[in-house]
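User: I have a model open and could use a quick tour. Can we go through it piece by piece?

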Amino acid sequence: MSEPVVLVSARNLRKQFGAVFAARDITVDIHAHSVSGLIGTNGAGKTTFVNMLTGYLKPDQGQIFFDGHEITGRPPREITRMGITRSFQIPQLFDSLTALENVETALGIVGKPLEQAEEILARFELTPFADALAGILPEGVRKLLDIALAMVADPRVLLLDEPTSGVDSSEKFEIMDRIMKIVREAEVTAMFVEHDMEVVRRYSDRVLAFYDGSILAAGAPEEVMRDEKVLEYIIGRPLQAGRPAQAQVVQEGAHA
Amino acid sequence: MSYQIKIVSAAVATALLALGGTAQADEKPVKVGIVTFMSGAAAGPFGVPARHGAEVLLEELNAGKVPAPYDSVGFGGTPLEFVYIDESGGTSQQVTEFRNMVDRAGVDMVIGYTSSGNCLAIAPVAEELKTLTMFYDCGTPRIFEDDEHHYVFRPVAHGTMDNVGAAMYAVDQKPDMKTYAGINQNYAWGQDSWRDFEGALKQLKPDVKLTTSQMPKLGAGQYNAEISAIMASNPDILHSSFYGGDLEGLIVQAQPRGMMEHVPTILTTGETITHDNKIKIPDGTIIGARGPHGVFAPDSELNTWFRNAYQDQIKGDPWYPSYKMAQTILGTKAAYEKAKADNGGQAPNTEQIIAAFEGLTFVAPSGEVKMALGNGHQAVQEVVYGTARNVDGKLTFENVKRYPSEVVTPPEGVKSEDWIKNGMKH
Amino acid sequence: MKSSSTMHARQRARRPQHALIALVVTLILIALGIGLSTWQFVVVVALSKGLAALGLVLLLRCGLVSFGQGLYYCAGAYAVGMAMSHLGIRDLVPLLLLATVSAAVIAALLGVLLSRYRDIFFAILTLAFTMILYGLLIRNPVLGGSDGFNVQSPTFFLLADGALSRRTMFIITAVVVGVSIWAVQRFLATPMGRLGPAMKDNEIRVEYLGASARRNIFWNYTLAGALAGLGGGLTSFSIGHIDPDLAFWTTSGEFLFIAILGGTRNAYAPFLGAIALELIRSLAFQYVPNSWQIVIGVSMLVIIIFLPGGLISIARLWLRSAARGA
Amino acid sequence: MLMLPAAIIDGIMYAAWLFLVAVGLTLIYGVMKILNLAHGAFYTLGAYVAATFVGFWLAGDYNPYYSYLLLLLAGVIGGLVLGVLVERGILRRFYKEDQVVLLLVTYAIFLILEDVVKMIWGVEPYVISQPYGLLGSFNIGLLYYPNYNFVILGAAILSGVGLALFLKLTRPGKLLRVVIHDREISMALGINVQRYFLVTFVAGSILAALGGALTAPTISVAPEIGVEVIVLAFAVIVIGGLGSLPGAALGALIVGLVRSFAVHYFPEVELFSIYAVMAVVLIVRPMGLFAAAEPRKI
């Protein structure tokens, strides 16, 4: 590998909701073609970070750069058009359209020929669901379709907000395999928010550990997961503490 | 085309029957569309009494019970058939209904319309379909002042005289009045009425001063602020063209506050609320009937017949809209029968009825009517105002004044608005 | 793989048919109108209203309910009436263009503001705007106040001899409607047109695909206004009289009813709905003259419960089974 | 002079009436998120039931003072019967639909009820004005005001304060606030949302019918009186913020005073349309003056 290029750079991001800091001071560089896993307890600032990067939230302070351009506070559609796309913890689909029409709609917006829709579905192994309404698809399929929509625009950066939450644990790795295969093939720089340390370990080059609105540690997965503070504040003692955090997430997803 | 054929064949049939003597049961009747408000704010005060008037006329005419000169059955011996249509729904709806009546129901002529907007919209359609159409109530002078019509007649007076007459009566009764006020609905009827009244009053008494002109919207319902404003401004006279529910609401709200006892109030359509004792009209209130109709209809054999026939059939008094409907139907009958006579006793076609109708003078329960304006298509009539006085729990009218048509209506060729502006000269 | 290829075939077949179907529908309309000449007028009125409802279909597809489509219907009608009486224009083509453009301009101006609003607030604001126009017109004696004024029959430069006959007006209306259907079907196939249902489902996703929801609503709203203006212009010819009632909110309510009745699936639906409404109304007037509002209200509820796709969904089923049978 | 006190009194009395006819609308919206276009028809029906009851009573030459009781009874009975019928018979089937679809549903109900009123009572207006003057009047200089206005004022204050206290202090009121805040959560908590909807809708209907019944003696009761009322009630709660009780009160005061001052001071400058006020408020504050912002979840 040649000298890594910094593609996304966040500088001193701060976001406050009332008295609560969702982000205190986040500074991080993301290298091109890397896959980063974002870990941290609920409320640590992972989703806030993703939301700030993609323009859903405007940081109170700090700056975000993408490929050398400042994108701080720009609306989502502009950031999307520049090449940063995302998926959502709760998939954001067009529920009354079929899976195929979902992708066609995305292609229409991006300005690509609609005929590509079937290829894209095939790439995500979603062809059997092409004519089913998105609203009634199983959660795992919805997650994949959500990511397929995010991939339509050929993004340079893809942010995945809990791609496996709400999915049966037996399917987790299968889904992540599919996603990561596509991500690696397309040479997209990816970040994913994840609670399952095993998933993080297996699929990320780099881990960003969030705690209390800041980044506690960043580096190679093995390295970060051995970090004392990370172990104490985020992971807890291996295996036992990972589970409750996950159960909480599922609960959150159920009524949101 | 088909319409003409129908008329001619009907005419032939009628002629044959007429030769045979008496009218027979299987004779093809003259089919008339009757259009009055059966829903909406104008139904209660105008549409329903007018329709009752038509029902009474239908029964009496077909039975041949109307006194001379209207003693023949139906129109010239041919019985009548009425098709009743609701006038509500707006002009688009009414134009559609009018075409349906002519194209599909096959009516020979149409009588009706209270709304000026509907009259304006229907007139060109009547021309296009070559269908004889008589307006019975709508007030706007624009019908014949802005346009010429061939198939359209209005055998009742237009609205200018209501408010010119009101101004004259006000000046007659209160020669030393100094101030005036108005409360009218904020749409064409109220705006036009107020403009005419104010214009005429200023001509008659240039030094009178306006205290307040209130223009609540149609159907506003709550008038306490307006009543306060009028009472606080303390005018010598108050003008209102309110009608129906709005008028009753205004009076109900004014009553405990003594507004109308304090300020003599002219109600140009007031006659419609004098009948059923629902509302107590304060002494001194000036009541109009948009012509010599209703309580102001002159004594005559025709009037007595109409009043009795109406009371028998409807169980109530005829209101001014009932009179106007009767007048319109009888005027049409007069024209029809004159045309029939001119046609050598054979049933006339539409053109012949029109020729006979233009400039016709006929009598009605409300007295004599002259088709004097709009090239003989627009009637003129006197206007009457009187002052209400409750005597032993019964409403009576004193100081009843009748203003002849020549005084309260512009001459042929002069627009009402200009005529008032230029001093109401003849 | 097999299903994929049939889908391709289906997609490819979809497009070139627009013009053909629109043409056939127009010809059927013209044939019916001339054959049943006593219904001609009713159909003309229905088609003009259908154009306004077609605009609503665009908005409904985006998930927006406008209670103010009458504003543009009225604006189009008044544009025609004023151009005739004040500018002396009698020819149908410039008059209809003027009606469409002036409605579109007003819609664009208000659209900038309205595109910020959704749901009930969009509905309320559209209602407020149409009632403001109504209020302005009612107080304007120059334009005839609440009584309105009459509009003459137009001329048509291709047909030299004077005012147009009813039958010619009918044919022209049918052709205008046919062209509008074709144009809107084309629009619905463009990326922006396809975005409507997506917007209705999920605006967040639309924004995160790089499209502007506001911009999309703005264009749909403007186009809807233009269509209503065109319909209003045609109405002023067929009715021959215009008044502020065109802008009263119940007129907009009627358009909504037409759109719901017909369905929002394609550009044909609102015209089906409009003709159905006129038929329902004619029958109701004939058989239950004093309770036709009940008939309208009940049919509205029935459609919402049992036929959320509108009449067009029945028509499609019927056409499909007919095609299968043939 | 007389004008200022008159304008204020007229404005407040009009505001009281506005609040009375609008409070049910805002209550129903607040809980059920339904903007009930049929509200005006409920008002009309209340007025007709009142006109029928009181007309019958007065025709019988009974003690006229009992007619006030009959007005109340008419509102409660009319609203109760109609509210239950409409909620159970029609509305319940549509709860899963969008807010805007529900708007159309209530529009359909409005159309149906208008004709029902005409079928039952005809188109000729009813007048039962006796209770209006019976309580005497007070005066400021020349200006006399019937004391009946205090009945309206009292009813407005009672319904507003009563509702506020109910929501704040009672157990069902507190649970209702949970329903208002988040329908799904309250269902998850085991609150019988359907029953709260029924009760709310019936309460809103009774308030509308009561508004009609108490107004009946001051007007001529005709089928179309509800149309104007729905427009006004609408404007009042949109200005105040949909679903907000203090908002409705503020909206009523604004509309009432603006109208009264226009009538007294600028009658020649035609009172600008209430819709214009509504539009301006929505443009400046897109959710109305008092509305809580709804959190968006992704």
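Analyst: Start with helix H8 (residues 191-201) of chain C. Among what covers its buried residues are helix H3 (99-110) of chain A and, from chain C, helices H3 (40-61), H7 (166-189), H9 (203-207) and H10 (213-239). Helices here are DSSP runs (H or I, at least four residues) and strands are too (E, at least two), numbered from the N terminus. This is a predicted model: local features need pLDDT of at least 70, side-chain atom pairs count only at pLDDT 80 or more, and totals for chains, interfaces and linings use all residues. Residues are numbered from 1 along each chain as its sequence is written, while chains are lettered from A and ligands numbered from 1 in the order in which they are written.

User: How many residues of H8(C) are buried?

Analyst: 9 of the 11, so H8(C) is largely enclosed by the rest of the structure. Buried means 20 or more other C-beta atoms, placed from the backbone, within 10 Å of a residue's own. Leu195(C), Pro197(C) and Met199(C) are among them.

User: New topic. Which residues of H6(D) meet H9(D)?

Analyst: Val151(D), Ile152(D), Ala155(D) and Ser159(D). Their partners in H9(D) are Leu207(D), Leu210(D) and Leu214(D).

User: And how do the axes of H6(D) and H9(D) cross?

Analyst: At roughly 170°, coming within 11 Å. H6(D) and H9(D) are therefore roughly antiparallel (angles over 145 degrees). The axes are lines fitted to C-alpha atoms over the stretch in contact, with angles from 0 to 180 degrees between N-to-C directions.

User: How many residues of chain D are in contact with chain B?

Analyst: 36, against 35 residues of chain B. Contact means C-beta atoms, placed from the backbone, within 7 Å. H1(D) gives the most to chain D's side, with 6 residues.

Methods: Two residues are in contact if their C-beta atoms, placed from the backbone, lie within 7 Å. Angles under 35 degrees count as roughly parallel, over 145 as roughly antiparallel, 65 to 115 as roughly perpendicular and the rest as oblique. A residue is buried if 20 or more other C-beta atoms lie within 10 Å of its own, exposed if 12 or fewer, and partly exposed in between; C-beta atoms are placed from the backbone.
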